[in-house]
Amino acid sequence: RVLGIDSHYYEPFVSGRLERDDRGNPTGLALARPNAQPLYALLDMAPKLDFEQQVLSTKHYFRSLNRLGLTSALDCAGGFLNYPDDYGVISELNRRGEQTVRIGYQLFAQRPLFEIDDFKRWHDIVKPDQGDDYLKCVGAGEMLVASAYDFEDFSYPRPELPKRMEGDLRPVLEFLFENRWPIRFHCTYEESAHRLLALVEEVGRDKGIDELNWIFDHGETVSERTMEWVARLGGGISYQNRIAFQTTAYRDRYGEAALRDVMPVRKMMASGVPLAAGTDATRVSSYNPWLAIHWAVSGKGRGGDVMWAPENRLTREVALRHWTAAGAWFSREQGKKGQLMPGQFADLAVLDRDYFEVAEDEITEITADLTLTGGKIVYAGGPFAYHAPAPLPELPDWSPVPVFGAPGAPAAN
């Protein structure tokens with residue numbers, strides 16, 4: 001209603017569509033294909049919040065993350081997020097001491113064919129590791145150049161990176177490595193990985209890549225050779241549960257056998273490459289970490305389809321480690337966060353049920369009863385509700401969250 005979308009709405013998308021019922025009325029589901037552009041267009045139609053409303057909205061989002069037990073995240077940015085203009089809200093929360101989730105951010109190139117100009121301009125403004133324990137720049141990515149981006153809609157054929165990719169990416173890598181910028185790059189397919197890693201290795205040999213803790217993102221179809229290649233070059237792999245939302249599409253295109261091998265986390269572990277988990281939220285999947293952990297433990301897609309054989313699934317302990325201690329490598333904060341031990345951040349969550357004992361499918365329902373960031377209570381419920389921080393002011397009346405709810409933010413009664 002707020003977007004002005006009804007049965008007469010003309011969809012201006014080059015691709016993608018709105019789902020409609022038998023009477024032609026939009027159901028509320030938007031299908032963005034083969035990439036996120038239609039979704040971006042819809043988001044851009046939403047009413048614009050003023051600065052203080054954006055601050056409040058971000059505090060609500062962080063409160064939802066805290067209710068799910070999250071205290072820290074790496075932000076890979078995305079389309080239409082320009083630095084420093086679109087980082088004013090999080091910077092203000094940091095300045096006010098009101099940031100309840102630690103954020104390490106990467107800078108995502110915004111202008112195809114002019115990416116090197118973006119990174120040179122940003123290098124004059126900020127440097128890697130600049131910031132504090134709550135907000136700091138981690139590096140560049142996940143999009144370094146547009147031509148190196150292979151989108152992950154598995155209902156479409158595998159995209160082929162354009163021939164100009166190496167020519168676009170080389171000067172960006174040379175500049176970033178020369179100036180000691182850690183990188184992370186999006187890569188879904190094995191075929192893309194070969195071209196990207198060959199260039200990373202060549203430029204890294206000349207400019208130096210040691211101790212940059214650079215990140216290979218995703219890797220649903222990568223081979224053991226590629227995993228070992230990443231490890232040899234000093235990189236790590238950040239994997240996500242995107243495939244859990246596309247199980248049927250992947251099976252229909254590539255077959256049952258391929259589905260059994262997709263997102264081969266067990267093989268990644270065997271390769272010795274640094275490894276940690278994420279969600280790829282908020283545009284590609286849910287930010288709820290327990291959905292990702294359930295997928296890793298059960299091997300099931302979100303529709304209940306079994307993807308992995310039992311031997312490919314993770315134990316609950318390993319899955320949790322990929323969400324805690326293992327993640328510190330990716331922001332170069334080993335020894336500072338991810339474990340409950342002297343000298344590390346006082347970040348912890350007391351869960352509302354025993355993660356190691358509950359039924360497997362109950363993992364998705366886990367929330368926190370108590371969450372602390374930096375020793376400060378940032379969320380409290382259940383038996384600890386009397387310690388809860390003050391309620392936040394309500395969101396705008398057009399917000400769907402109070403009506404429909406969201407992970408970590410139940411609908412209003």
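This talk goes through selected local features of one predicted model, from its sheets to its backbone exceptions.

Let me state the conventions. The model is predicted, so local features need pLDDT of at least 70 and side-chain atom pairs count only at pLDDT 80 or more, while totals for chains, interfaces and linings use all residues. Residues are numbered from 1 along each chain as its sequence is written, and side-chain values use heavy atoms, with hydrogens and water left out.

I begin with the sheets. Helices (H or I, at least four residues) and strands (E, at least two residues) are DSSP runs, numbered from the N terminus. Two strands are taken to pair if DSSP finds at least two bridges between them.

Strand S4, residues 102–107, is joined to S5 by five bridges, and the two run parallel. In one of these strands, S5, Gly-139 is the bridge partner of Gln-106.

Thr-373 has Lys-376 as its bridge partner in S12.

I turn to helix packing. Two packed helices are described by the angle between their axes and the distance between the axes. For helix H4 (residues 115–125) and helix H5 (residues 165–178), the axes come within 9 Å and cross at roughly 15°. H4 is therefore roughly parallel to H5, where angles under 35 degrees count as roughly parallel, over 145 as roughly antiparallel, 65 to 115 as roughly perpendicular and the rest as oblique. The crossing of H4 and H5 is left-handed, meaning that the near helix is turned anticlockwise from the far one by less than a right angle; clockwise would be right-handed.

Which residues of H4 and H5 make the contact? From H4 they are Glu-115, Ile-116, Phe-119, Lys-120 and His-123, and from H5 they are Pro-171, Val-172, Phe-175 and Leu-176. Contact means heavy atoms within 4.5 Å. The residues of this contact divide into six nonpolar, one polar and two charged. In that division, Ala, Val, Leu, Ile, Met, Phe, Trp, Tyr, Cys and Pro count as nonpolar, Asp, Glu, Lys and Arg as charged, and the others, Gly among them, as polar.

Next come two individual residues. Is Leu-93 buried or exposed? Leu-93 counts as buried because its relative accessibility is 0%; buried means under 20% relative accessible area, exposed over 50%, and partly exposed in between, with a 1.4 Å probe and protein chains only. Leu-93 lies in helix H3, residues 88–96. Leaving aside neighbours within four places in sequence, Leu-93 is in contact with Val-55, Thr-58, Lys-59, Phe-62, Glu-98 and Gln-99.

Asn-241 sits in the loop between strand S8 (236–240) and helix H8 (247–254). Asn-241 is buried, with a relative accessible area of 1%. Not counting residues up to four places away in sequence, Asn-241 touches Gly-278, Thr-279, Ser-285, Leu-291, Ala-292 and Trp-295.

I close with the backbone. Most residues other than glycine have a negative phi, and most peptide bonds are trans. The peptide bond from Tyr-83 to Pro-84 is cis, with omega near 0°, and Pro-84 lies in the loop between S3 and H3. The bond from Gly-141 to Glu-142 is also cis, with omega near 5°; Glu-142 is placed in the loop between S5 and H5.

Asp-129, in the loop between H4 and S5, has a positive phi near 75° and is partly exposed at 40% relative accessible area. Arg-332 has a positive phi of about 55°, is found in the loop between helix H12 (316–322) and S10, and is buried at 19% relative accessible area.

Conventions. Axes are lines fitted to C-alpha atoms, for helices over the stretch in contact, and angles run from 0 to 180 degrees between N-to-C directions.
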